[in-house]
Structures are given as structure tokens and as C-alpha cells.
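Dear colleague,

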Amino acid sequence: MSSVAEATIDRVGDGSAAPAPSYLDDGHSLRSWLTTHDHKRIAILYAISITVFFFIGGLAATLIRLELATPAGDLVSHDTYNKLFTAHGVIMVWLFLIPSIPSVFGNFLVPLMIGARDLAFPRLNLLSWYLYVLGGLIVLVALALGGVDTGWTFYAPYSTMFSNSWVAVTLVGVFVVGFSSILTGLNFIVTVHTLRAPGLGWFKLPLFVWAHYATSVILVLATPVLAITTLLVVAERLLQIGVFDPAHGGDPLLFQHLFWFYSHPAVYIMVLPAMGVVSEIVPCFARKRIFGYRFMAYAILGIASIGFLVWGHHMFVSGQSLAASLVFSLLSFLVAIPSAIKVFNWTATLYKGSIRFDAPMLYALGFIGLFTVGGLTGLFVASLALDVHLTDTYFVVAHFHYIMVGGSVMAFFGALHFWWPKATGRLYPEVWGRIAAVLIFVGFNLTFFPQFLLGMRGMPRRYHAYPAEFHQLHMASSAGAVVLALGYLLPLFYFSYSLRSACRAGANPFGALGIEWQTRSPPPTHNFDRTPVVPEHVYDYAPPGPRPTRAPAAGAKAS
Amino acid sequence: MKHACLRDHARALAVAWAALLALMLASLGSAYLRLGAGNAAVGLAIAVIKSAIVVWLFMRLRTSSATVRIVAATALATLLLLIGLASVDYATRPVEPAAYELPRQTPSLAGARPVQGAR
Amino acid sequence: MTAATAAAFVPADVAHDGRAAKLGMWIFLATELLFFGGLLVAYAYARTHWPEGFAIASRRTDVVLGTVNTGVLLTSSAVIAFAVACAEDPAQRRWTARALALTAVLGVVFLAVKGVEYAHEWREHLFPLAGFALADVAGAGLFFLLYFVMTGLHALHLLIGIAGVCVFAGATRIAKPWATAPRVEAMALYWHFVDVVWILLYPLLYLVERHA
């Protein structure tokens, strides 16, 4: 397709030589994609795979909400329902949320943002993707064989002794995906330490990079504990003796300690990159420096560290000692502080900014509001006395969906819109982008806000049938899910459309700062034609002035 | 590393190696003494010292960059956190161990198994 | 660099940067520490709850072979540390290769001894399956479950280490350019870590209580 000759070295941009092809044009065969070392191509590979898993997990959610639209358990059997919410959880947590922003946007942007040519270990990056696909396929095989009914939390002794479903196969899949995460985290940490452009000190790094660094530390320290826990569960299932079986002197709570030691930091793996995305979008569309940059960076580190200290708050009613529960409750309150600092600072950034409501900004604003609701309700369930009433109800379900969907998924979509022009060289249709954002926001709230009320009134989670008194709220929630699904499907169409349209993006359609915007869209394989300029201050947006327009590139590239 | 320097380095390694073997034998010997709870403490303490020799000298943490040292320290701290904070539960929980049962017959190694009888 | 220049982009070159391989390996070892760490938590729980069972069960391990193996692995660590020192001097390349080869050999000796131990334990019905010899000792089953899982995972890691060290030994012997000193050091770091794990496992598994 490209008439530009393949360059073997980057060329000086003085017009005398043909520019190097973009990374998308640098080889068109399937083999060139499947054997690539280019972090940008690997990011695209991840983007395609996680989208597939997102829709599979979404299909499970659709069936769940369909079942819950009526009080009777009339759509699926209770057994199938258990398998549906397990599939939804396993796929959405491990195959979508955990890899989403880091493996797609982290992979694509971290080298660009620090002025590097690629990650520190490009081949390890490709291996990460293959491990992710392998693990995902194993999970799908388990699903096809009949699924798992333990819940994504796999509590012993049900998972180890009593479940008749494909626990071991699923856990092997999770184990493999875990190693994909670990290698990605390792790669990011080494990259940020060793490949920053000259002059790019730590406190000149974009908050997106800080967020991914902290996420990578969590990935590296927490995921191995999940790995050994899955091995122990599989061993106990196969050998009939294990450390989680009280009849042999073991303890089911030991499983929960080990599981949640990973799974609580895991939620910070899911939210910190989202916060990094929001910190990139808000200053750009408010045309203002981020408020309190250093505190934002410290807050990221604070969330990552304190996040390791709170796992017992998932175990308040499990039989954990009261003393331990008190400690974990207190620590859980503490982790709200750095999160709140970030929300305050985003708000302060907006104050007296020159705000543009482009699609990325709509998603970022949605994140700030919905994450705040999710975070505040987290305090509710962190209080011991309240949690006794609220645990295992829909209140908890609503709480974590506000953060993971209202937060992380919205930020994912915000990132998708913000960096779509950079990654593809095309502009998405702005009107449709805004429509989708509004649909998602409205649909999300209609789906999940009633669930807070359901939970407070006693509706338990993981039940496929319920008393008639909960019918109206469940109906509202299921109706909201329809709107939400429409909102999620819409981008599929207009993003695909944009790939075919003639409208090309320039290097910087949003007038954003950040080294990634200095290179063309899409970037060449080696990321930069010229040595990028390291700015004096990151986020040094000018005070309100003439607004940059979303104009296509003057002098479009030869097609 | 030049030849003379290499010889010195080899000598330092040999001394460390001898120390490690001596500590190993001390650990072995201490297990035969009647120390009660002290057995575990001594065994662990000696293991920690041996590990420190390997990590500090053999793995060259002594001359490594600050970044590497922070990585090592953070990993150790996280491990201690896991063990320590989980122990808060076990230390303060009133435990009544279930009556001990003989192990059951091992079932087939297929993914699905028949439901166990309720106990 | 604060002024825009027309200079062609020359990025940091990763391939020869020893710092990356060493840092990367240390981070990987951090993950391995937490991986084995989960087992340590299980061990700590089980031992504090079943101290007598653990003592009785631990006496059934072969302390002679276990001690010999510990010595073998400690020696291999010293040898590979020597190999790393030699690797920094290109003139000592043959010694580097020999030291690496000796390390691998010692690793194989360890695995062979471990195999002998496992064979003994199988014959004595110490695998916590049907027909477990200590079935009536509370906690003994947990001890041996943890013993086999911990030593088994350790042996698997050692096997991977042996394979890696063999590759480096061969590459160093024929002076392959990719087998640089920093990469040899990264390989050695992995080997030392496997040794450290065994240093911890030795008293936990063999020396719980040996007095009569």
C-alpha cells in the first residue's frame, strides 16, 4: 500500500530523503505482526485481544442482567447463573481490566512519553502478549467445557473440594495470564529506569508514566502470590490434601489471605493507570497545568504502597480475628487519603481552566465523578459495623463497578479517544464520540446506582432469583444495562468507520503537551524522526488563549 | 578483572564459602540440641545470615546501584508484610482445630470430580 | 537537550546496556521471592498449628542427603560467583566457561541426590496420598505436602537454572558475543537466588527437631 521505500535508519527530516514508514506501514504480512518487537504493534495486538474478551465478558453480563430483570429464576438454572457471574468476573478482571490500560496504552505510550525507541526488553513484550493469549484461550476452553461456578474469587473449600466444574483448567489459564502481567510490569520498570531521554528527570515525567511505574511495581510484587495460590488450589483439587482443608489441619482462610493479598492490590493495578490517563486528559482540555504535580506523583506511590496493607477488608465476616479486622479497617480508611488528594487536584486543575468538552474530556470528567462515588462507598464497606450488613450484597457490587467500570473502563475509553489519532493517524467523528460518552455515563448510572439501594435493602449478590420487593430496582438496572451496552457498541462502529475515512490526523490534533505528540501520527517504527525536545515543565499548558482546532494535517501524507 | 585482582576476589569467595559451610554445620548441630522454641529461632537466624552472605557478597548487593538495592529491600519488605500481617489474624484468632480425620482415598485426576459427602 | 535540533533520533541503545539485564533479573527475583513467599506463609501457618506433627514428620527426611545437597548448592554458588568475576576479564574466558560448566555439574548432582531422596520417600510411603505412612499424625500430611511442593518447585527452578548455565557455558567457550559479562552476572543472580531458597528450606524442612 505504501509507496514510500522502506528506510533502514531514521532520516533527517530535511525533506531530501523519504521519511521512514509509519509503524502501521512497516510490513503488512500477518507474520510481520505476529513476530513484531515493536511496542506499538504489540499494543495493537493487545487492543484487539482485550476487545474480544471485553465483549465475551459483556455477553455474560448481558445474560446476568436479563435473568435479573424478573424475580423468578426463569432464564437460566442456578448452576448456569453461577457459571455466568464467574465467567464475567474471571474474564473482566484478568482478561480485560488488568491488562487493559497498561498493555495497550502503557505499551504504546511509555516509550514515546520518555523519548525512547522501545521498551527495555522488546522480545519479552511479545512473549507477554503470547502468554496472555494462551492464558485467555485456556480460560475459554474451560468455559466451553462447561465453565466454573465458584465465583471469580475461587474460595476454598468449595473450589478445592466440592465444585464439580472446571476449576483446575481455569486456574491454569489465570496462572499463565499472571505471568504475562509480571513480564509487562518488569519491562516497564526497567524501561523507566534506564531509557529516559537525557534531561528527563523523574519529576518531569508525565503522571501517566508515574502511574504505570507504580502499577508495574504492584504487578511484580502481588501477582506471584496469586500464582502460588492457584497452584495450591489445583494441587489440593488433584491430591485431595492441602493447606486449605480443615479436616487435615489446614485453614480455608489461608486461601483468602493469599488470594486477597494479590487481589486487593490488583484493584489498584486496575485504577492507577486509569488515573494516569485522566491526569493526561484533564490538563489538555482545561488548558491548565495539573494542580499539585508532586502531590499527584506521591499520591500514586501512596496508593500503591498502602494498597498492599488492606486486603483483610475483604474478610471481615469470614472468621478473621477482630483485632486483624480492626487493623485492616483502619488501614483501608488511610488508603482513601491519597485517592482523595488526586480527586481534589483534578478538580483544582479544572478550576478557572478553559474547558473543552471533547469526547476524551467527557470520559475523564465521568471518571472523576464516578470514581469519587465508588471511593466514598468504599469507606462505607471499610467500616466494620456497616460491612457486616453490606457485605455480599449488591452494595459491594455497585461499589466496585463504580470504580472499575465507572472509573477504569471510562478512562480506557477516554484514552482510546485521546490517543486514537496518534496511534492510527485518523480522527474519530467527534459528535459520535460525545454521544457514546453520554450514553455510557447515563447507562452506567442507571445500571449501577439502583444496586446501591438494592444492597442496602438486603439483596444478596450472586443470587439468580429474588423476592418481588426488589423487582423495580432490578428492572431499572437491567434497563440501564441496555443503554450501557449501546454506548459500548457505538465506538466499534465509528472507530472502524474512521479507519476508512480520508480525514487524517496531524501530529497533535488536541494541542496537547507531552513528548508523544511531537512525533507524527501514526509514529514511525523507531518512534521519532528527530530527537524529541524535553520540556522544561511537564503540563506547561499556556493560560487560556486561541483554541487549537481539530484540523487534519496540512499536507496529508501520501496514501 | 585483572589476574591479581581475580586471585584476591577468589580468595574472598573461598572465605565466604567456608563460612557458609561452617554455618550450615552449626545449623545442623543446633537441631540436635534440646532448645524448644529456640530450635526454630536458631535455624532461621543462621539461614538469614547465610542468605545475607550470598546476597551481599555473591550477588554483589554490596556494590550494586541504589535502584537494585531498593528492589531487593522492597521485595523482602513485601514478603515480611505478607507473613506479618497475615499472622496478626492467626495470632489473635481463637482457634479450635477441627477433629483430625484420616485422609480420603485419592480420586481420579480428571478436572471434574464427584461431589464429596457432607461432613 | 532543550533546543529543537534537526539531528536524527539516536535513542538509548538497550542491547549492550548491562544495567538493564541486571536490573531486570533482580526484579524477576523479587517476583520469585513473593512466589515462594506464599508457600512460606502456608508453612508458617501449618508449623505453628501442628508443631509436634511437623517435628515427627521432619525426622523422616534424610538429613544426611539434605545436608550434602546444601553443601553442593553452596559450593555451586561460590563457583558461579567466581565465573562472574572471570567473565569480566576477556582473557579469562576459558576459566569462565569451566566455572560455569562446573556450576551446572554441581546442579545436576543436587538433582540426582534429590531424586534418590524422593525415591526413598516414595518407598517409605511418605507421599501424602493414599497409604500415607504418617496418616495418624496430625500435621504430618501437611508437612509432607509442603515438603514436596517446596522442594519440587525448587528443583524445577534449579533445572531451569542448569539449562541456562549450560547455555552460557557453551556460549562463553566459543566466545559468542551475546554472552556478555552483565548477562553472565544476570544468570548468576538467578542461580544464587535458587541457592538462597534452598538455604531457607534446609532448616525449615530437615531441621525442625532432630533431638531424640
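In chain A, among contacts between residues at least 6 apart in sequence, 83% join residues at least 24 apart; two residues are in contact if their C-beta atoms, placed from the backbone, lie within 7 Å. Please note that this is a predicted model, in which local features need pLDDT of at least 70, side-chain atom pairs count only at pLDDT 80 or more, and totals for chains, interfaces and linings use all residues. Residues are numbered from 1 along each chain as its sequence is written, while chains are lettered from A and ligands numbered from 1 in the order in which they are written.

Chain A

The secondary structure of chain A consists of 15 helices and zero strands (DSSP runs, H or I of at least four residues for helices and E of at least two for strands, numbered from the N terminus). Of its 559 residues, 60% count as buried, that is, with 20 or more other C-beta atoms within 10 Å of their own. The C-alpha trace of chain A spans about 80 × 50 × 45 Å along its principal axes.

Helices H2 (residues 39–68) and H3 (residues 78–113) of chain A have axes that come within 8 Å and cross at roughly 155 degrees. Axes are lines fitted to C-alpha atoms, for helices over the stretch in contact, and angles run from 0 to 180 degrees between N-to-C directions. H2(A) and H3(A) are therefore roughly antiparallel to each other (angles over 145 degrees). By class, their contact has 24 nonpolar, six polar and two charged residues; Ala, Val, Leu, Ile, Met, Phe, Trp, Tyr, Cys and Pro count as nonpolar, Asp, Glu, Lys and Arg as charged, and the others, Gly among them, as polar.

Chain C

Helix H5 (residues 140–173) of chain C packs against H6(C) at an angle of about 155 degrees, with the axes 10 Å apart. H5(C) is therefore roughly antiparallel to H6(C). Among the residues that meet are C:Tyr147, C:His154 and C:Phe168 in H5(C), and C:Trp191, C:Trp198 and C:Leu205 in H6(C). By class, this contact has 14 nonpolar, five polar and no charged residues.

Chain C also touches chain B: 46 residues of chain C are in contact with 45 residues of chain B. Helices H1 (18–49), H3 (63–87) and H6 (181–206) of chain C each give two or more residues to this side, and H1(C) gives the most, with 13 residues. By class, the side of chain C that touches chain B has 29 nonpolar, 11 polar and six charged residues.

Yours sincerely

Methods
Angles under 35 degrees count as roughly parallel, over 145 as roughly antiparallel, 65 to 115 as roughly perpendicular and the rest as oblique. A residue is buried if 20 or more other C-beta atoms lie within 10 Å of its own, exposed if 12 or fewer, and partly exposed in between; C-beta atoms are placed from the backbone.
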